[in-house]
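Please look over the sequence and the structure first, then read on.

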Amino acid sequence: MYEKNSVGKDLILLLIGVAMCIGGLFIFSNNVTVSSFSISRVSYWGMFGGRSLPGGLIVIPLILGIVLWIALPKTFIGKIVTVLGALIIILGVMSSVTLRFRSASLFEYILMLVLIFGGGALALRILLMPGGKDK
């Protein structure tokens with residue numbers, strides 16, 4: 001099972017991974033400006049011939065899914081339509097967001113990536129692997 005030193009090492013590695021991830025996200029948040037175009041119109045990456053739909057139409061699948069889910073609770077179609085409707089809304093919001101990096105050096109970009117993803121991977125390795133050891 002666990003040795004005394006193994007638990008302490010795992011905790012230290014977990015804290016190091018979390019600290020790395022937080023540090024990378026801090027650097028990322030200081031170097032990125034987030035903006036969005038008009039919220040009343042949502043673009044779909046040109047799916048509809050480059051046109052955009054009014055933002056209110058995007059919630060129709062979600063509303064339809066909720067109605068189906070409540071009206072016919074034993075069918076699976078209501079759950080699928082509800083999940084797809086929520087996914088369409090999330091993708092619509094994500095497509096309208098623009099991330100602009102302020103002038104940063106290549107070193108800062110690499111540092112951000114290594115800290116965020118390296119720290120996250122280290123923390124996940126400790127949390128998901130039994131005993132934190134590779135098998």
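## Surface and burial

The chain exposes about 9,800 Å², and 76% of that area is supplied by carbon and sulfur atoms. The model is a predicted one. Of the 135 residues in the chain, 21% are buried.

## Order of elements

The chain holds 4 helices and 4 strands. Along the sequence they follow the pattern α-β-β-β-α-α-β-α.

Among contacts with a separation of 6 or more, 69% are between residues 24 or more positions apart.

## Helix α3

Helix α3 covers residues 77-95, which is 19 residues. At 1.5 Å a residue it should span 27 Å, and its end C-alpha atoms are 26 Å apart, so the two values agree.

The buried residues in α3 are Gly78, Val81, Thr82, Gly85, Gly92 and Ser95. They lie on the same side of α3, because they cover an arc of only 160° around the axis. In general, an α-helix has 3.6 residues a turn, so residues three or four places apart point the same way. Val83 and Met94, on the other side of α3, are exposed.

## A nonpolar patch

Which residues make the nonpolar surface patch of about 660 Å²? The patch is made by Phe76, Ile80, Leu84, Leu87, Ile90, Leu91 and Met94. Met94 is also one of the exposed residues on the other side of α3.

Ile80, another member of the patch, has its place in helix α3. Its relative accessibility is 36%, so Ile80 counts as partly exposed; that class lies between the limits of 20% and 50%.

Ser96 is in the loop between α3 and strand β4, which covers residues 97-101. Is Ser96 buried or exposed? At 10% relative accessibility, Ser96 counts as buried, since buried means under 20%.

Ser96 and Ser36 are 60 residues apart along the chain, and their C-alpha atoms are separated by 5.5 Å.

## Helix α4

Helix α4 takes in residues 106-128, a run of 23 residues.

The buried residues in α4 are Met112, Leu115, Ile116, Gly119, Leu122, Ala123 and Ile126.

Key
Residues are numbered from 1 along each chain as its sequence is written. This is a predicted model: local features need pLDDT of at least 70, side-chain atom pairs count only at pLDDT 80 or more; totals for chains, interfaces and linings use all residues. Side-chain values use heavy atoms; hydrogens and water are left out. Helices (H or I, at least four residues) and strands (E, at least two) are DSSP runs, numbered from the N terminus. Buried means under 20% relative accessible area, exposed over 50%, partly exposed in between (1.4 Å probe, protein chains only). Contact means heavy atoms within 4.5 Å. Accessible areas come from the Shrake-Rupley method with a 1.4 Å probe; for residues, only the protein chains shown count as cover. The expected span of a helix is 1.5 Å times one less than its number of residues. The arc is that of the directions from the helix axis to the C-beta atoms. Patches are made of residues with over 30% relative accessible area and no salt bridge: like charges are joined within 9 Å, nonpolar side chains (Val, Leu, Ile, Met, Phe, Trp, Tyr) within 5 Å. A salt bridge is a side-chain nitrogen of Lys or Arg within 4 Å of a carboxyl oxygen of Asp or Glu.
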